[in-house]
Amino acid sequence: MKILVLNSGSSSLKYQLFEMPNEQALCTGLVDRIGLEHSSITHKTFFKGKESKHQVELAIPDHEGALLRVTELLKDPKVGVLKDNTEIEAIGHRVVHGGEQFAATTLITEEVKAKIKGLFALAPLHNPPNYLGITVAERVFPQAKQVAVFDTAFHQSMPALAYRYALPKSMYTDLGIRAYGFHGTSHQYVSKKASEYLNNSKAKIITIHLGNGCSMTAVDSGKSVDTSMGLGPMGGLVMGTRAGDIDPSIIFHLINERGFSAQEVNDILNKKSGLLGLSGLSDMRDVKNAITEGSPDAKLAYELYAYRIQKYIGAFAAVLKGLDAIVFTAGVGENDADMREAVCKNMDFFGIMLDTKLNRAGNKNIREVNKSSSAVKILVIPTNEELEIGQQTFELIRK
Ligand SMILES: Nc1ncnc2c1ncn2[C@@H]1O[C@H](COP(=O)(O)OP(=O)(O)O)[C@@H](O)[C@H]1O
Ligand SMILES: CC(=O)OP(=O)(O)O
Ligand SMILES: [Mg+2]
């Protein structure tokens, strides 16, 4: 059975086609910079274990155009993997915000779509493109079952102590103001892999997802018990363009005393802060190059990013009342050995002792980079949100 997975971001579309149940990826791809002048598509196919890469640059105005172009590529006589759209039995969609309505993967109906739409205000950068991806897929693949896998679902196991804010009760009961948490598919995937690796289903683990968006989760016995993001995907860690934790009085100071509009402040916190705000660069590779060139701003951005992660390790070790492993994942977590070193620096008190040599030994698979005397395992585990979405979609539709 063929399952297509779609991950629509604010300016990108990631996709992967799986043959199930053997979880074989037939192709994977990324449409980048949607809506900008030079969009690009990177499309990779895997045939008998051999990878072929195909790259095109062209203008793609919106997500509808992106998905239509991907459909053409999937059926392309040269680089395609399908003969006909009807070969796809199900499409698994990443949906970022599922509110309290969705604690599990769900078959998409008109009612489900209405609820996803109702959550636009809580995740304005993510839910609208996710929703659009669903409506376009319904049109292009009318025979396929459409399934939603929510970033928030894994965190629905958090206790009230972790998800409630100390605000008037009606804010929660009437308006749904609480912490939801995000990147749940990734935290779930890597924590499962870590438990298997440790051969301990009761392990206490901190998962550290460092992509464009960044978040950390305290996982106890396979369940999320606390996480660094809250109502929306803005709080917690320093990210590419998002500030993470700030004192809320800053917002009112900017609006009431400094003449910014609420929209401007929202824009600053989402799109102009984080690494970009501190250093002028949002991509970690660029920040590192700037450090090499001697930029003190880039150095501060790098160190602040690591410092915030250390702070959350301390907090989550206290939440878990013990710690078996920390897991680094996503673009920065998997690839940036210097960042792992900065995060683990002087953390012996917590039983975290990095082996600097192992840390630099590149290898794509799950690996252990701690000293043998370290009480806490330090693991690097490549995340695969698309595979997790594919697996959950398959599980749901075969029932
Ligand atoms: N070798 C590397 N060293 C440092 N950072 C890297 C490296 N490779 C990728 N990254 C960083 O990873 C981030 C993107 O992570 P990714 O998980 O792909 O994000 P997303 O899925 O949220 O778009 C970028 O900041 C990028 O610079
Ligand atoms: C929820 C979130 O921050 O997602 P991303 O990292 O894909 O922006
Ligand atoms: Mg991501």
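The legends below describe close-up views of a predicted model. Local features require pLDDT of at least 70 and side-chain atom pairs count only at pLDDT 80 or more, while totals for chains, interfaces and linings use all residues. Residues are numbered from 1 along each chain as its sequence is written, and chains are lettered from A and ligands numbered from 1 in the order in which they are written.

**View 1. The two domains of the protein chain.** The domain assignment gives domain 1 (2-150) and domain 2 (200-380); such bounds come from an automatic or database domain assignment. The centres of domain 1 and domain 2, taken over C-alpha atoms, are separated by 28 Å. Five residues of domain 1 are in contact with four residues of domain 2, two residues being in contact if their C-beta atoms, placed from the backbone, lie within 7 Å. On the side of domain 1 that touches domain 2, four residues are nonpolar, one is polar and none is charged. In this classification Ala, Val, Leu, Ile, Met, Phe, Trp, Tyr, Cys and Pro count as nonpolar, Asp, Glu, Lys and Arg as charged, and the others, Gly among them, as polar.

View 2. The residues around ligand 2 are G9, V96, H126, D151, F182, H183, G211, N212, G213 and P233; a residue is near a molecule or strand if its C-beta atom, placed from the backbone, lies within 6 Å of it. This shell has three nonpolar, six polar and one charged residues. Because domain 1 (2-150) and domain 2 (200-380) both give residues to the shell, ligand 2 lies between them.

**View 3. The surroundings of ligand 1.** Ligand 1 is surrounded by G211, N212, G213, G240, D283, M284, R285, A330, G331, V332, N335 and D336. Helices α10 (284-292) and α12 (330-335) each supply at least two residues of this shell, and the largest share, four residues, comes from α12. Helices (H or I, at least four residues) and strands (E, at least two) are DSSP runs, numbered from the N terminus. By class, the shell around ligand 1 comprises three nonpolar, six polar and three charged residues.

**View 4. Packing of α1 on α3.** Helix α1 (residues 63-75) packs against helix α3 (residues 127-140) at an angle of about 45°, with the axes 9 Å apart. Axes are lines fitted to C-alpha atoms, for helices over the stretch in contact, and angles run from 0 to 180 degrees between N-to-C directions. Helices α1 and α3 are therefore oblique to each other; angles under 35 degrees count as roughly parallel, over 145 as roughly antiparallel, 65 to 115 as roughly perpendicular and the rest as oblique. The crossing of α1 past α3 is right-handed, a term used if the near helix is turned clockwise from the far one by less than a right angle, whereas anticlockwise is left-handed. H63, E64, L67, L68 and T71 of α1 make the contact with P129, L132, G133, V136, A137 and V140 of α3. Seven of these residues are nonpolar, three are polar and one is charged.

**View 5. Packing of α11 on α13.** Helix α11 (residues 296-320) and helix α13 (residues 337-344) meet at an angle of about 50°, their axes being 8 Å apart. Helices α11 and α13 are therefore oblique to each other, and α11 passes α13 in a right-handed crossing. The contact joins E303, A306, I309 and Q310 of α11 to M339, A342 and V343 of α13. Its residues divide into five nonpolar, one polar and one charged.

**View 6. Crossing of α6 and α15.** The axes of helix α6 (residues 184-198) and helix α15 (residues 385-398) come within 9 Å and cross at roughly 90°, which makes α6 roughly perpendicular to α15. T185, S186, Q188 and Y189 in α6 meet E385, E388 and I389 in α15. This contact has two nonpolar, three polar and two charged residues.

**View 7. Two loops with backbone features.** Most residues other than glycine have a negative phi, and most peptide bonds are trans. A cis peptide bond with omega of about 10° joins M20 and P21, and P21 is found in the loop between β2 (13-19) and β3 (24-32). S221 lies in the loop between β10 (214-220) and β11 (223-227); phi of S221 is near 50°, a positive value in a residue other than glycine.
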